[in-house]
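Reader: Could you put the structure up, so that we can go through a few of its helices together?

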Amino acid sequence: MVASVDTSGDTSSSLPVRDGELFVSDTPSTLIAVAENCLMDRLVNTFRRNRSFESNTTSKTLVDVSVQTQKFKFALDGFAESTKVALDVLTALGEIHPFMKAPVIAFKLVLTLDLKRRENEARVQAMKVEMNSMMAVFLELQGHPDPSAFHADAGLQSLMEEIEKEIRNASSFCDYYINKTLIKRCIKSAIYEIRFAEFAQRFYDLGVRLHRQLSMHTVWGIYDIRKGSVTLSAQLDEVRSQLRDLFTLLASTRERELVSFIESSGGARACVENDVTLQELTKRSGEGAIGQKRGLREELSEDLDEALARNLLTFQGKLDIQLNEINLSILRESNRIITALSGGHERINDKDIREVWRDMGWKSTVKARHFVFALRDYYHGSLRRNQQIKPRDASPNPELSFGLPTLPLDPFEEDSADEISHPTNSDDTWALDYINASFLQPIAEAIDDDGSSFITTREINDFTAMRPDGCSALRWLAYWAAGWHSSVSQYVDKIYGLLKKFHLLRDKVRYENLVLLDRYLGCHGFERLLHLLKSTTKATASIHPQLARFRDEFSAAEEEKLLENLEKISYNLDSTATVKLVIGPYRIERYIYPLIYVLLKRHLQVIQLARLHTINMNEFENRGFALLFIFHVFDYRMGELSVHALDLDLISQAVFQQMDNLPKSHFERYAFGMVRKSGIPSITVK
């Protein structure tokens, strides 16, 4: 949508041109301000590079398009860079011009998901480039003198709604397409290519309309737009055909070979129904043969519009979760920026820990062992002598709230939200028994996010921010010292109970579901799960009744939060990015057991239905993949902690070397031994 121009010189002298009609190089433009803003300059130039093929593809042969496609694939390398810049610039413009906020938020959410997923499918990226190019039209607003001029434009507001809807629909389609196996993509290749081209075309059309609408309020609005409209219709028809060619040529070599084989075998339907041909197709694709015919039959009979409507509901759930995560991260980042303005103990949000930090004269980091011992001495002194600050609440045991943690916006005032919501009182005396050397490792692991054995002020603030409202730092430390281990042990027993039910129900399912159920129960995800269960050391000592009560309440609240997120996405953990989205910005080892437990409870419901109904094979297939994606995230986390050591005997270079003379022994004890037999090396899941 932004045509090829020379970007080597001054930005202000080489403004965007839309097919030589809707923009002219000598037209006054607020984009001149780009020259004064290096960030904007970087964004515009990146967009121009990514779209340089377009002005050269019109009125050319398919061979010409093929050459330009290679240039376009090269330009995709800069796509991630341009999107990150776009998020910053468009977010800033959205604050100035509220009318564009809705499409900008949708754009930010889908691109944040994309950056997490790191999907390299060329056709998906090509369509996202079209989306970026449409959003780049908003750059015309840079430096506009009167933001209020757009408020009363009903046509513009309607266009904003249309753009937001199209961003969500197109991104949901990409999400649906990415989750398809290679064979399923190939047997409906022509249909998918048309859809890609249609979405890209709509982004092109919306960009043209957006430019024309904005032009009515800008200094170059007097330009005769009708002149461009004369040739616009013919140009759009030409671009439409070129886009179809582009998405065909962006297919991978293997995909083109498979599509060619399917066509030479009489088409998708004939290929699927012929066992010999299907076997050869499966062999060429490198995918498993079990259940392939049934799955492909379901794929061919599936109505794409209905499937996309269902997927949109799930995808909207992902966007909702992502929005909550962004809002929470904004609060955290604001808090970090505020605390970074001070030094040493003044950076600590929690009053008690801040006082300990100050008394010990620590700077930005402290050894975990020193921190635990100093904190124990402090609480002994304050609680035993009844010198702690009484809670504002008249109740001696304030009611806990297990909702999302709230972060103090001003942690330095005496009446900060942190001190009011998390009081320390004499009823927490029992928790002192858990703040000692015996529980040093679990406490250090809970706070020390990178496993360095040093605790930083940032890690302290992140740790205390996670606690429920009404929970003191002392009680929170006691939970991670012994309560979490007790909770993990409970989950081990409950998951074993679910697995037993799975196998008891196996002989009761309908015959046509039996092969799929066996495939699910025998998948590598279950193998990994059994390794995890066997490797985890269960807690043997009993815990204080108040800690047990807190453990049960906190576990129930965490399950509820996971359940809410899983329901938003219809329990479809279709990638590692989706797993991370569900658990939020927290470590996977903290959530792997409750997440698997909640997920398996849902799987049990599906198996129970399989006794009475024929189940779509995707119901079982997707659930097996969900376990693999969970363990893929777990493997990545363990790889970070062990510096990706594949052999535990060679882990001397890991961060755990700083914590123990025997790093292998320490690493195997990490998180109660979860990593000890969990299946290293890690599995790469497609």
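Author: What follows is a short talk about helix packing and some single residues in this predicted model.

Reader: Let's start with α23 and α27: at what angle do their axes cross?

Author: The axis of helix α23, which spans residues 524-535, comes within 8 Å of that of α27, and the two cross at roughly 50 degrees. The crossing of α23 past α27 is left-handed.

Reader: And which residues make the contact?

Author: On the α23 side they are His524, Gly525, Phe526, Arg528, Leu529 and Leu532, and these meet Leu627, Leu628, Phe631, Phe634 and Asp635 of α27. Sorted by class, the contact has seven nonpolar, two polar and two charged residues.

Reader: Moving to α14, which of its residues are buried?

Author: In helix α14 (residues 292-301) the buried ones are Gln292, Gly295, Leu296, Glu299 and Leu300. They sit on the same side of α14, because the arc they cover around the axis is only 135 degrees.

Reader: What covers them?

Author: The cover for the buried residues of α14 includes α7, α8, α9, α12, α13 and also α27.

Reader: Now Thr578, is that buried or exposed?

Author: Thr578, which belongs to helix α25 (residues 576-583), counts as buried because its relative accessibility is 3%. Beyond its neighbours within four places in sequence, Thr578 is in contact with Lys318, Ile569, Asn572 and Leu573.

Reader: And why does Tyr511 count as exposed?

Author: Tyr511, in helix α22 (residues 511-521), counts as exposed because its relative accessibility is 71%, where the cut-off is over 50%.

How values were computed:
Residues numbered from 1 in each chain as written. Predicted model: local features only at pLDDT ≥ 70, side-chain atom pairs only at ≥ 80, totals over all residues. Heavy atoms only, no water. Helix = DSSP H or I, 4+ residues; strand = E, 2+ residues; numbered from the N terminus. Buried < 20%, exposed > 50% of the residue type's maximum accessible area, 1.4 Å probe, protein only. Contact = heavy atoms within 4.5 Å. Arc of directions from axis to C-beta. Axes fitted to C-alpha atoms, helices over the stretch in contact; angles between N-to-C directions. Left-handed = near helix turned anticlockwise from the far one by under 90°. Nonpolar A, V, L, I, M, F, W, Y, C, P; charged D, E, K, R; others polar.
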